[in-house]
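Please work through each task before reading its solution.

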Amino acid sequence: MSDTHGTGEAGGPAERVPPEAILAVPVRHWGRVAGAVAVLAVLGLIVWAFAGAESIHWDVVGEYLTDGTIVEGALRTLWITVASMVLGVVLGVLLAVMRLSDNQVLSGVAWGYIWFFRGTPVLVQLFLWYNLALVFPVLDLGFYRDEMNDVMTPFLAALLGLGLNEAAYMAEIARAGVLSVDHGQTEASHALGMSRARTMRRIVLPQAMRVIIPPTGNEFINMLKTSSLVSVIQYQELFRAGDTISSRNLAVMEMLLVVTVWYLVLTTVFSIGQYYLERHYARGSQRALPPTPWQRVRTNLGTFRTRSAVRKETT
């Protein structure tokens, strides 16, 4: 039998025909397109309804966005948020270490603290601190004596109410981060002669940060919004500043929109900071860092251009 596949007409090797280029046509997901159109339509109706509402004076909104009282309220909101989070993080880490201690007294006290502050609303805790003078009219520490009403200012009541409550949640977040580190590393550090405190500080906590940072960032943003509750104890933060102005000019909805814009700006700024902080601590656990938002935009633009070119070729 003659081999007709291995030779050409002249008896030589057959000439290989290069394969045609594969034209990949992306699958069209019409359900996704319909869903996106429906969502955009609903958003457009909401924006149109607010923009066309005659009862909202948008010039008033623009006027008070940079009002001195509003800006000062935003700074006070930022200050009470940062101070409360610092108190919550420091005390929370201490409580987490106590909770993981072999000492039953320390572990029990930490558990009781977490049980109490997670089990009662923040608003109730704020009122408890603010009205502490009803139980202790005078603060007497031996070396310091003063009226409780003078000591328990709105700022101090807000700091204790928010910070101590946050410490209970940070304790559980820090404990989860510590438990995520392999116990073998602790044993190895002890075998090298490192103390428990140094092992926790140099070995465990740096690795636990990868687990601790994301929920801590969420807690900070949540604290930024929860700080609006301190307006009920006369602390002049952002929400109370807007409420004070609206009680004078009667522009209630306009001032609520002003406050909303400020909260959105603050949360957006800190959300970006949280993203890059998470990206920093992910360097030791991922082969490639996740793309930044700008890199994602560039990738999506490149994909869009490629699909457009493919569509032109097919047509």
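**Exercise 1. Determine how many aromatic pairs there are, and classify the pair formed by Trp111 and Trp115.**

Solution. Rings of Phe, Tyr and Trp (its six-membered ring) pair if their centres lie within 6.5 Å; planes under 30 degrees apart count as stacked, over 60 as edge-to-face and the rest as tilted. Under this rule there are seven aromatic pairs.

The model is predicted: local features need pLDDT of at least 70 and side-chain atom pairs count only at pLDDT 80 or more, while totals for chains, interfaces and linings use all residues. Residues are numbered from 1 along each chain as its sequence is written, and side-chain values use heavy atoms, with hydrogens and water left out.

**Exercise 2. Classify the ring pair of Phe116 and Phe117, then the exposure of each residue.**

Solution. The ring centres of Phe116 and Phe117 are 5.1 Å apart and the planes stand at 85°, so the pair is edge-to-face. Phe116 has a relative accessible area of 39% and is therefore partly exposed. Phe117 is buried, because its relative accessibility is 10%.

**Exercise 3. Describe how helices H3 and H4 pack, and name the residues in contact.**

Solution. Axes are lines fitted to C-alpha atoms, for helices over the stretch in contact, and angles run from 0 to 180 degrees between N-to-C directions. Helix H3 (residues 68–99) meets H4 at an angle of about 130°, and the axes are 7 Å apart. H3 is therefore oblique to H4, given that angles under 35 degrees count as roughly parallel, over 145 as roughly antiparallel, 65 to 115 as roughly perpendicular and the rest as oblique. Contact means heavy atoms within 4.5 Å. From H3, the contact involves Leu91, Leu95, Met98 and Arg99; the H4 residues include Trp111, Tyr113 and Ile114.

How values were computed: Buried means under 20% relative accessible area, exposed over 50%, partly exposed in between (1.4 Å probe, protein chains only). Helices (H or I, at least four residues) and strands (E, at least two) are DSSP runs, numbered from the N terminus.
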